[in-house]
Amino acid sequence: MLTAQQALDHLLSHAVPVSESEKVPMQAALGRVLAENVNSLVDVPPLDNTSMDGYAVRCVDTATPGKTLRIAQRIPAGSMGTELEPGTAARIFTGAPVPPGADAVVMQEDCTLESQADHVTINIAPSLGQWIRRRGEDLSAGRTALIAGTFLRPQELGVAASAGLTHLNVKRRVKVAAFFTGDELALPGEPLKPGGIYNSNRDTLLACLKSLGCDATDLGIVPDRLDATREALRKASKDHDLIITSGGVSVGEEDHIKPAVTAEGRLDLWQIAIKPGKPLAFGAVRKSSEAKDGEAWFIGLPGNPVSSFVTFLLFVRPFILKLQGRDVKPVPTYLMRADFDWLKADRRNEFLRVKINDQGGLDLFPNQSSGVLTSASWGDGLVDCPPNQPIKAGDIVKYIPFNALLK
């Protein structure tokens, strides 16, 4: 069996970022991937300005504490002051440009306004440049503000706006089709036949795809027949970069993914040394002759809901990130204390559903079956447990938070 890292390395070695891009308004760029570097159109800030309410002064006039100065001008944000005369101060408010001649700002808490309100006593000796934000200290005109491949969050949109941009050139969304195999499956709201179950993988996986910014297409439940599976693959390959399925990747008589993908393209069927989620299929499906690109990638996930969810996080997510042109970084792990015993160590790399408790340790969901999806809802992350390694309460383990795997 392949290790998780071997399987991931193989997947990533094949993923090629999409090349097409489009220019969109700023507020349509959230959750997209930047296609080109963004350079600032202006200096940010455009002028030296104050970061505090207080008084703009000349350090030479306030070299010793207790100096009293005449207030010669008042400068609110959005207005410009005049040259500061020697021996005077300017009342100034946060964000306002520092007047020429001033070289420090003293915050109002360190000043005493005299009774006539036209003089102020500076109770400290300010340092040169105190509380002054310099022109261009955040960004200078022409400097790169954001680099290509950046996933655009609210803060990146703020940076682009401060740089004077109204539109951004972003990668087109990765197009992913998903379908689900199994005659036992029904959609919520439909009556369950004997032996039937509701399809939880559909909503879980489609939500995961959308959380990554994909253009996700739901092709529904496909009957357990070879002809139906082949037809679904042909349909899915037409306008998509990636096809994802859940179920049908084992080797039973009703598992048609392997022969269907082999007939419509090419397939590697792996067993990965992880639990949950041992079976994983990877390959490609040919597109029709008139299609622009030759193949759509294919990843077949296990049918058990926790196995499907975990393998999506570990393998499909980084594959999609690379298709999007994003930087694929190692899964973040944190060393934390286990407040549980897990003594039945498996020969495979296990991913246990856990939750951080009020004492700063990790609690274990009592039922770690691959069919118990409530373990993933109850938990806030996974413990990455190496093969053949039991865990005792008090041991330090590797914790992977779900929010790091779903962003």
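Keep in mind that the model is predicted: local features need pLDDT of at least 70, side-chain atom pairs count only at pLDDT 80 or more, and totals for chains, interfaces and linings use all residues. Residues are numbered from 1 along each chain as its sequence is written, and side-chain values use heavy atoms, with hydrogens and water left out.

**Stop 1: the core.** Select Leu 242, Phe 312 and Phe 315, which touch the most other members of the largest nonpolar core, a set of 48 residues. A nonpolar core joins buried Ala, Val, Leu, Ile, Met, Phe, Trp, Tyr and Cys residues through side-chain atoms within 4.5 Å; buried means under 20% relative accessible area (1.4 Å probe, protein chains only). Now colour helix 6 (305-323), one of the elements supplying at least two residues of this core; its share, 12 residues, is the largest. Helices are DSSP runs (H or I, at least four residues), numbered from the N terminus.

**Stop 2: around Leu 242.** Leaving aside neighbours within four places in sequence, the contacts of Leu 242 (heavy atoms within 4.5 Å) include Val 176, Trp 297, Phe 298 and Phe 319.

**Stop 3: a second core.** Next pick Phe 179, Ala 236, Ile 243 and Val 249, which are among the 17 residues of a separate core.

**Stop 4: the cysteines.** How many disulfides does the structure hold? Zero, taking a disulfide as a pair of cysteine sulfur atoms within 2.5 Å. For Cys 208, the nearest cysteine sulfur, that of Cys 214, is 10 Å away. Cys 208 counts as buried because its relative accessibility is 5%, and Cys 385 counts as buried at 1%.

How values were computed
Buried means under 20% relative accessible area, exposed over 50%, partly exposed in between (1.4 Å probe, protein chains only).
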